Amino acid sequence: MNDADRHAYFAADWLSLREPVDHAARAESLTAAAADWLAGQADATYRIIDLGAGRGSNLRYLAPRLPARQHWCLLDHDRGLLDTTRAEADRCTDANGGPVTIETRTLDLASADLEAALDGAKLVSAAALFDLVTQDWIERLARACARRGAAVLFVLSIDGHIDLAPAHADDAVVFDLLAAHQQRDKQFGAALGERAPAVLQQAFEARGYTVTRRSSPWQIDRTQSELGAALIEGWRSAACEQAPQAAARIDDWAKARIRALRRGELAMSVGHEDMFATPGS
Ligand SMILES: C[S@@+](CC[C@H](N)C(=O)[O-])C[C@H]1O[C@@H](n2cnc3c(N)ncnc32)[C@H](O)[C@@H]1O
């Protein structure tokens, strides 16, 4: 596996760990706006595409909050993650308690097959994906969504605002290295990292969409110390890859931050943004 591949695959355990915090962070008003928009459409069934669906966290959050007649298509290049969602069709219901139908498809989103996979979509959604992609890819996605008249609900895109309180003298050193690492290729080309929310807005507005953005930060304290520690460990690893010569200093920083979190002496806010956009007439 080369470097780009390694950073484009995610551990199932990590996705499970982050799911409750992701759900708590999401901007409810944008989910409600998506539900209202779908309810105003005349389709017999609403085809909802989830890009980079992973273990189906976005489906589990959205299905019970959206109106009846949902058909979901979960797309991911990791068949193993998609297979964990097999039982969801029996568990998931829509806002009226009715059934939701689901299909999964193994797809490399960077491939030429992206556009065909969006055919028939009424709502295109994604969670925690866009830091991995490029501006060109977002332009391609916006063009394809606009041609199909699909609304989009993209959530939990990192925005680069990380605040650890109290501060540590090396926070800025690690976060600068992290921001640089986030721009490495993740199979799409040089990644957008924290620039994704602004690029999404610009690309969809340029194609006549009405765009609303809301912030959806993770708020992590001692009660989510397992997630917080895994996050700090991920930051440590990325920063060390970016600056191996500073590994000892970065390791010390990570140990101090995890220790403080577990003692209840650290509060973490990790910035994300959600975006809902409806196509022009
Ligand atoms: C951070 S995870 C988020 C997963 C899920 N949306 C969630 O919220 O739990 C990013 C997802 O994008 C998928 N992914 C990354 N690069 C991809 C690509 N080129 N094609 C398809 N899926 C990709 C990964 O396999 C992973 O499931």
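**Aromatic contacts, ligand shell and backbone features**

F130, W137, F154, F188, F204 and Y209 form one aromatic cluster. The model described here is predicted; local features were considered only at a pLDDT of at least 70 and side-chain atom pairs only at pLDDT 80 or more, whereas totals for chains, interfaces and linings use all residues. Residues are numbered from 1 along each chain as its sequence is written, and side-chain values rest on heavy atoms, with hydrogens and water left out.

A pair of aromatic rings is described by the distance of the centres and the angle of the planes. Rings of Phe, Tyr and Trp (for Trp, the six-membered ring) pair if their centres lie within 6.5 Å; planes under 30 degrees apart count as stacked, over 60 as edge-to-face and the rest as tilted. By this criterion, the structure contains 8 aromatic pairs. One of them joins W137 and F188, whose ring centres are 5.3 Å apart and whose planes meet at 75°, so the pair is edge-to-face. W137 belongs to helix 8 (residues 135–148), while F188 is in the loop between helix 9 (171–181) and helix 10 (196–205); the pair therefore ties together parts that are 51 residues apart in sequence. Helices (H or I, at least four residues) and strands (E, at least two) are DSSP runs, numbered from the N terminus. W137 has a relative accessibility of 4% and therefore counts as buried; this term means under 20% relative accessible area, exposed means over 50%, and partly exposed lies in between (1.4 Å probe, protein chains only).

An edge-to-face pair is also formed by F175 and W235, with 5.2 Å from centre to centre and 85° between the planes. This pair links distant parts of the chain, since F175 is in helix 9 and W235 in helix 11 (residues 225–242), 60 residues apart. F175 counts as buried at 14% relative accessibility, and W235 is buried with a relative accessible area of 6%.

A charged side chain also meets an aromatic ring: R65 lies over the face of Y61, at 3.8 Å from the ring centre. For such an arrangement, NZ of Lys or CZ of Arg must be within 6 Å of the ring centre and within 35 degrees of the ring normal.

An N or O atom in the side chain of D76 is 2.6 Å from an oxygen atom of the ligand. A polar side-chain atom of D108 lies 3.0 Å from a ligand nitrogen atom, and a polar backbone atom of H77 is 3.2 Å from a nitrogen atom of the ligand. The ligand taken alone exposes 590 Å², and the protein buries 99% of that area.

Several backbone features complete the description. The peptide bond from A165 to P166 is cis, with omega near 0°, and P166 is placed in the loop between strand 5 (151–165) and helix 9. A128, a residue other than glycine, has a positive phi near 55°. A128 is in the loop between strand 4 (123–127) and helix 8 and is partly exposed, with a relative accessible area of 25%. L156, which is not a glycine, has a positive phi of about 60°. L156 lies in strand 5 and is buried, with a relative accessible area of 3%.

Methods
A polar contact is a pair of N or O atoms within 3.5 Å; within protein, one must be able to donate a hydrogen and the other to accept it, and residues adjacent in sequence count only if both atoms are side-chain atoms. Accessible areas come from the Shrake-Rupley method with a 1.4 Å probe; for residues, only the protein chains shown count as cover.
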